[in-house]
Amino acid sequence: MLDIGCGAGVDTLIAGMMVGREGWVVGIDITPEMLRRADENRTKTTFANVAFQEASGESLPFPEACFDVVISNGVLNLIPDKLKALEEAFRVLKPSGRFMIADQVLITEPSDDIESQIDNWSG
Ligand SMILES: C[S@@+](CC[C@H](N)C(=O)[O-])C[C@H]1O[C@@H](n2cnc3c(N)ncnc32)[C@H](O)[C@@H]1O
């Protein structure tokens, strides 16, 4: 399984539990500080099947069709070239694989009112 934009690694570590000992999970992120926190969180577990790696969702350092599942939580909205990120996710995903995203989608023009934009994140 691949977690794009793993942040501090919480989703990646939960995925590590879900895939069991036979499975592997890789969390990638572009921010070294987040990867440091993710690795620190991993050391608090006994998981040997979870790894973290610095990479961008726009250029994944993996061969084609190598993951059964790709997940991404709150990251695509931060990636400027969303088409490239989606192409990369589907490139590394096996044809029978699953891609699961949690993200923000604008359905109207964004408001100029900064306070209402902040509310969008917590509402
Ligand atoms: C809102 S956090 C989400 C973290 C994690 N998925 C979670 O749910 O806790 C967004 C993360 O995306 C990462 N990120 C931003 N742009 C990225 C990119 N182009 N490729 C990979 N990760 C990126 C940030 O460094 C940050 O850790």
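Start by colouring the protein chain by charge: 10 side chains are positive and 20 are negative, with the centres of the two sets 11 Å apart. Lys and Arg count as positive, Asp and Glu as negative, while His and the chain ends are not counted. Each charge is placed at NZ of Lys, CZ of Arg, CG of Asp or CD of Glu.

A note before you click on: this is a predicted model, where local features need pLDDT of at least 70 and side-chain atom pairs count only at pLDDT 80 or more, but totals for chains, interfaces and linings use all residues. Residues are numbered from 1 along each chain as its sequence is written, and side-chain values use heavy atoms, leaving out hydrogens and water.

Now switch to cartoon and follow the protein chain from the N terminus: the elements run β-α-β-α-β-β-α-β-α. That gives four helices and five strands (DSSP runs: H or I of at least four residues for helices, E of at least two for strands). The C-alpha trace spans about 50 × 35 × 25 Å along its principal axes.

You will find 16 residues, and Gly5, Asp29, Thr31, Gly57 and Asn73 come nearest. Zoom in on three of these:

- Gly5: a polar backbone atom is 2.8 Å from a nitrogen atom of the ligand.
- Gly57: a polar backbone atom is 2.9 Å from a nitrogen atom of the ligand.
- Thr31: a polar side-chain atom lies 2.6 Å from an oxygen atom of the ligand.

Finally, show the ligand surface: of the 600 Å² of accessible area that the ligand has on its own, the protein covers 77% (Shrake-Rupley method, 1.4 Å probe).

Methods. A residue is near a molecule or strand if one of its heavy atoms lies within 4 Å of it. A polar contact is a pair of N or O atoms within 3.5 Å; within protein, one must be able to donate a hydrogen and the other to accept it, and residues adjacent in sequence count only if both atoms are side-chain atoms.
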